[in-house]
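Dear colleague,

My findings follow directly after it.

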Amino acid sequence: MNVQPDTATDIEIRPAEIADAGSLARIYNFYIKETIVTFEEEALDAADMVERLLDVQRESFPWLVAVRGGEVVGYAYATKWKPRYGYRFSAEVTVYLDRTCGGRGIGSKLYDQLLPMLKALGLHMAFGGIALPNDASVAFHEKFGFVKVAQFHEVGIKFDRWIDVGYWERVL
């Protein structure tokens with residue numbers, strides 16, 4: 001991947017497409033293999049990401065990609081918070097960036113579009129679940145007005161260690 005300058009000024013944000021699935025898998029697989037931010041342990045292929053993208057789209061939630069020079073360098077999307085009807089106005093939000101693109105404003109550009117889209121869809125609350133520790137994700141979500149409301153201790157395991165998960169919320 002040929003990553004360019006240190007700012008997000010040359011980033012285009014657009015809806016994800018099936019053709020992006022390979023790039024989505026490439027970005028996400030780094031986090032699967034190298035970090036605790038996801039509890040998945042097996043790498044995904046493009047077909048897996050197509051299914052996930054279609055699931056999000058079937059629920060009428062947005063999945064956005066950040067593109068620089070024709071290459072997908074990040075993505076953000078929303079999913080149902082919980083399946084019960086009473087939760088229909090709440091969503092969980094997620095953002096992943098190419099491992100070389102953190103701290104350049106790309107995630108902010110994604111959330112700058114994702115959060116207003118959720119509000120326009122009539123959603124009331126957005127949640128972010130963060131495997132801890134993850135100072136960068138905490139700071140990122142708090143920058144967007146998310147407030148920590150819960151921390152579950154040792155609810156996930158990865159790399160032979162127990163991981164806490166915190167939840168941040170924001171009224172849209």
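A salt bridge is understood here as a side-chain nitrogen of Lys or Arg within 4 Å of a carboxyl oxygen of Asp or Glu. The model is a predicted one, and it holds seven such salt bridges. One of them joins Arg68 to Asp10, with the closest N and O atoms 3.0 Å apart. Arg68 belongs to strand β2 (residues 63-68), whereas Asp10 lies in the segment before β1 (12-15), so this pair ties together parts that are 58 residues apart in sequence.

Turning to the helices, the axes of α1 (residues 21-34) and α2 (residues 46-58) come within 8 Å and cross at roughly 100°. Angles of 65 to 115 degrees count as roughly perpendicular, and α1 and α2 are therefore roughly perpendicular to each other. On the α1 side, the residues in contact are Ala21, Gly22, Leu24, Ala25 and Tyr28; they meet Ala46, Met49, Val50 and Arg52 of α2. Sorted by class, this contact comprises seven nonpolar residues, one polar residue and one charged residue.

Two points of backbone geometry may interest you. Ser60, in the loop between α2 and β2, has a positive phi of about 65° although this residue is not a glycine. Pro133 is located in the loop that lies between β5 (125-132) and α4 (135-143).

Phe39, Phe152 and Val155 make up a nonpolar patch of about 270 Å². Of these residues, Val155 is found in strand β6, which covers residues 147-158.

Yours sincerely

Notes: Residues numbered from 1 in each chain as written. Predicted model: local features only at pLDDT ≥ 70, side-chain atom pairs only at ≥ 80, totals over all residues. Heavy atoms only, no water. Patch = residues over 30% accessible without salt bridge, like charges linked within 9 Å, V, L, I, M, F, W, Y side chains within 5 Å. Areas by Shrake-Rupley, 256 points an atom, 1.4 Å probe, with all protein chains shown as cover. Helix = DSSP H or I, 4+ residues; strand = E, 2+ residues; numbered from the N terminus. Axes fitted to C-alpha atoms, helices over the stretch in contact; angles between N-to-C directions. Parallel < 35°, antiparallel > 145°, perpendicular 65-115°, else oblique. Contact = heavy atoms within 4.5 Å. Nonpolar A, V, L, I, M, F, W, Y, C, P; charged D, E, K, R; others polar.
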